[in-house]
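Subject: Structure handover, pockets

Hello,

Here is the structure you were waiting for. Please open it alongside this note.

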Amino acid sequence: MTLEAEFKTAFDCPPLAIMSAPGRVNLIGEHTDYNGGAVLPAALERRIQVAIARNVSDTVVIKSTRFDDKIERPIGDPKRGDWTDYAMGALSKASELGWFAGGAFLYIESDVPDGAGVSSSAALITAILRAVAKISNITTSAVDIAKHARSVENDYIGMPCGIMDQMAVGLADYGRALALDTLDLSFEVVDIPEDWVFAVIHSGVRRELADGRYKKRFEECQAAADALQTAHLCRPTEAQKVAVSELPENLRKRAQHVISEHERTVAATVALKTQDAHTFGRLMIESHRSYSEDFEASTPVIDALVTDAIAQGALGARLTGGGFGGCIVVLFQAQNADAQIQSLLDKHPKTWPV
Ligand code: GLA
C-alpha cells in the first residue's frame, strides 16, 4: 500500500502533504560541529516519509508503519522519553513559529534505522517541519529548517547536538556530500566520485545519544574551550594550541581530537574534490584512531570492525556519528567493494549493511 492509502485507512481522510528527508552518514568530522569546525556528511538513500493532515481536536495522533498502535498525545505535551517526542517537538516548534495550530494526524514511514548514528531523528523532525511548511504555505529556506530542527533537539529533547545532521538531511542528496563549515554555515555540495563506495555497516551495537555519554563529551569540550578562553575549540590560535598540553588529561585529549579532526576534515574535503581516494582513506583511519583513543567514544567491537575492514582492503574506515556504538563507514574502490563488504559481513555475524 502507498503511504497515502495507509494514511486514509488509518485516519479516514486523505493527507494534505507528504514530505520526506534522508538519513545521513558522516564521512569525517566528528564532534566538530558544536566546536565551530568543519564536517563532511553525505545523504543516505534511506529516507523517512511523513504524511500529515490537520484535525479539529487538541491532539496529535501518530501512526508509524513500524508499530500497530496509534499514539495520541495532547498538543503541547512535554517530552516523555520515546520516539514520538521528535514528532511532538517538531509540531511544538512549528506552532511556536506560528506555522501551525490545532491537532494533527501524522503517518510516518521509515527505512532509516534508529540508534544507529545515521540521524533518524533529524530526518523525522525535518520531514515534519517540511510537511507543516507545505500545508501552511510557509516560504522558508533549507538552512532555516535545519536551524529550527536543531533547536527541537536542543530545547525540547535536551540533546546538546550541533547542526551537522539537520544541515545534512536538509541540503545533501543521495550520492552527494555536504562540506559544511559550522562556524558560519557556509557550505558546498560535492559529488562523490563514481568509483568510490562508502559502505555503511551497522556494528550490531545500538547507541543511545540520550544516555548521557554524548552530553559528557559536549561538556568536556565546553570545559576545554573555557580553559583556553575560546568560543571555538576547533580553531585555536598558536598560543591556545600550546596551552592545550597544560589542560587536565581528559580535556587535553578531547581538545586534541576536535582540533585535529577539524584539520583532517578540511584536508579530506580537498581530497574528495580532487578525487584522491588514498588520501581520503588515510584521513579516515587517522580520524578513527583519534575518535577512539583521544575522544574515547568507540567500543572494542567497533575498533575490531574498523581494523578488519582495513585488513579486507578498504582504503579507510571509521566509526561514524555521535559515538559509543552504531555504524562504521568504510571507503572501498568500486571494483572491489561487493566482495570486500561481503567478507567483512561474513566475518562479523552481528553486522548488517545500512
Ligand atoms: C550526533 C550529533 C551531531 C554531531 C555528531 C558527532 O550526530 O547530532 O550534531 O555532534 O553526533 O559528530
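Below is what turned up on the pockets.

This is a predicted model: local features need pLDDT of at least 70, side-chain atom pairs count only at pLDDT 80 or more, and totals for chains, interfaces and linings use all residues. Residues are numbered from 1 along each chain as its sequence is written, and side-chain values use heavy atoms, without hydrogens or water.

Largest pocket

A pocket here is an open set of points on a 1 Å grid over the protein atoms alone, where a 1.4 Å probe fits, with protein on both sides within 12 Å along at least five of seven lines. Its volume is the space filled by probe spheres set on the points, joined across faces, edges and corners.

The largest pocket has a volume of about 1000 Å³. Lining residues (an atom within 4 Å of a point) number 49, and Tyr-86, Gly-115, Ser-120, Ser-121 and Arg-207 are the closest to its centre. Domain 1 (3–191) and domain 2 (196–353) both contribute to the lining, so the largest pocket lies between them. The domain bounds come from an automatic or database domain assignment.

Second largest pocket

The second largest pocket has a volume of about 460 Å³. It is lined by 19 residues, and Tyr-174, Val-197, Phe-198, Ala-199 and Val-200 are the closest to its centre. Both domains line this one too, so the second largest pocket also lies between domain 1 and domain 2.

Best wishes
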